[in-house]
Amino acid sequence: MLHAASASALREHVHDGAVRAVDVARSALDHIHEADERIGSFLHVDGEGALSQAAAVDRARAAGERLGPLAGVPIALKDNLCVRGIPATCASKILEGWIAPYDATVVSRLRAAGAVILGKTNMDEFAMGSSNETSAYKLVRNPWDLSRAPGGSSGGSAASVAAGMAPLSLGSDTGGSVRQPASFCGLVALKPTYGRVSRYGLIAFASSLDQVGPFARDVRDCALVSEVVSGRDPRDATSVDVPVGSYLAELGRDVRGLRVGVVRASLTEGCEPGVVKAIEAAVETLRALGCAIVD
C-alpha cells in the first residue's frame, strides 16, 4: 500500500532508507494495473521508465548523494505536457503516435527533484472540455462513483490521485481545468498565478491563460510540488522572475487579516444547494479565523 501514502511521507521514507524508491514505484504501477481499467486515468503508462528512475534514486541514496525534494515520489502528468521519449497525444487521434523529443520545463524540474514519472493521463481532447468525456480514446470515471464524471479537462490527472494511483499529478488550467476536477474528486489543487510556472513544453489551449497546476490529497503535498515546478524559465517569455521561496514554510502562518473575496453572484446563478452550503460554511470558517470577507 505504499502508493496510498502522501508525497511528503514517501519522500521522508525514501530519504531515511525506510523504503526503496523501486518498491514505491512498483506499488504504484501494480495499483494502476489493477484499478485503471475501470477508471481510465492513464493513456500511457511508462513502467520501464518509472522503475529506471526509481532505481537511480536508490543508487544515489546508497552512494550517499544528496537527494531531491521529491526523491522517489511517483507523479502522473497530463498528456499535454511533453515528456521526452514517450507519447504526447492531448487525447486526440490527430497526435496519435507522436513521441515528444524534449521535456517540458516542469518535467525537467521534476526529474531534477527526483520524482518518478509514471506516465501520461487522459484528458478532454486538446483540453477543450470540463467533464473528461471528449477524449478520443476513452472516458475517465470518477473513482468515488464510477457513474459520475471526474471533471475536466484534467480529469485523468485528478482521478489518478483520487484513486491512489499516484500521490501527485500535474494538469493544466485555462478556465478551471485543474480546480474543477479537484473539486469533483475531493482533492487539493492550485492554478498558480500566471507566469509563476513555465509553460514551455505545454501543448497550448490558450497561451494567455494556460497554467500548469498540481493535484494532491493534502495542502502540504500541493505546496511541495508547487515549490519544485515554480520559477523563472528563460524559454517562456511570460514567466516571471520572482524568487520562489519556501511554500512549505508558509503553511503554518496565521490567516488573520487576509482579505477573502466572495463572488456572491456565483452562489445564486445555477449553483447546486449543496455547493452553496459548502462555500458558505467555508466563508464562515475563514471569518472565524480572522479573515476579512469582502463581497
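1. Axes here are lines fitted to C-alpha atoms, for helices over the stretch in contact, and angles run from 0 to 180 degrees between N-to-C directions. Helices (H or I, at least four residues) and strands (E, at least two) are DSSP runs, numbered from the N terminus. This is a predicted model, in which local features need pLDDT of at least 70 and side-chain atom pairs count only at pLDDT 80 or more, while totals for chains, interfaces and linings use all residues. Residues are numbered from 1 along each chain as its sequence is written, and side-chain values use heavy atoms, with hydrogens and water left out.

2. The sheet. Six strands form an open sheet of mixed pairing, in the order E1-E3-E2-E4-E6-E5. The edge strands, each pairing on one side only, are E1 and E5 (188-189). Two strands count as paired if DSSP finds at least two bridges between them. Strands of a sheet pair through backbone hydrogen bonds, either parallel or antiparallel.

3. Strand E3 and its partners. E1 (residues 42-45) runs antiparallel to E3, and 3 bridges join the two; valine 45 stands opposite glycine 119 of E3. E2 (residues 74-78) runs parallel to E3 over 5 bridges, with leucine 77 partnered by lysine 120 of E3. Between E2 and E3 the chain passes through helix H4 (residues 105-112), and this β-α-β crossover is right-handed. Right-handed means that, with the strands pointing away from the viewer, the path from the first strand over the helix to the second runs clockwise.

4. Burial of E3. Buried means under 20% relative accessible area, exposed over 50%, and partly exposed in between (1.4 Å probe, protein chains only). In E3 (residues 116-121), 6 of the 6 residues are buried, so the strand is largely enclosed by the rest of the structure.

5. E2 and E4. E2 also pairs with E4 (residues 168-173), in the parallel sense and over 3 bridges. Leucine 168 of E4 is the bridge partner of isoleucine 75.

6. Helices on the sheet. H4 lies across E2, E3, E4 and E6 (211-216), at about 175° to E2. H5 lies across E1, E2, E3, E4 and E6, at about 155° to E4. H5 (residues 155-162) is mostly covered, with 8 of its 8 residues buried; among them are Gly155, Ser157 and Val161. Glycine 164, which follows H5, has a positive phi near 80°.

7. H1 against H7. The axes of H1 (residues 7-16) and H7 (residues 219-229) come within 8 Å and cross at roughly 65°. The two helices are therefore roughly perpendicular, a term that covers 65 to 115 degrees. Ala7, Ser8 and Arg11 of H1 meet Arg220, Asp221 and Leu224 of H7, where contact means heavy atoms within 4.5 Å. By class, this contact has 2 nonpolar, 1 polar and 3 charged residues. Ala, Val, Leu, Ile, Met, Phe, Trp, Tyr, Cys and Pro count as nonpolar, Asp, Glu, Lys and Arg as charged, and the others, Gly among them, as polar.

8. Backbone points to check by eye. Phenylalanine 126 is in the loop between E3 and H5; its phi is positive, near 55°, in a residue other than glycine. At 24% relative accessibility, phenylalanine 126 counts as partly exposed. Alanine 127 is placed in the loop between E3 and H5 and has a positive phi of about 70° although it is not a glycine. At 4% relative accessibility, alanine 127 counts as buried. A cis peptide bond, with omega about 5°, joins glycine 152 and serine 153, and serine 153 lies in the loop between E3 and H5.

Methods: Parallel < 35°, antiparallel > 145°, perpendicular 65-115°, else oblique.
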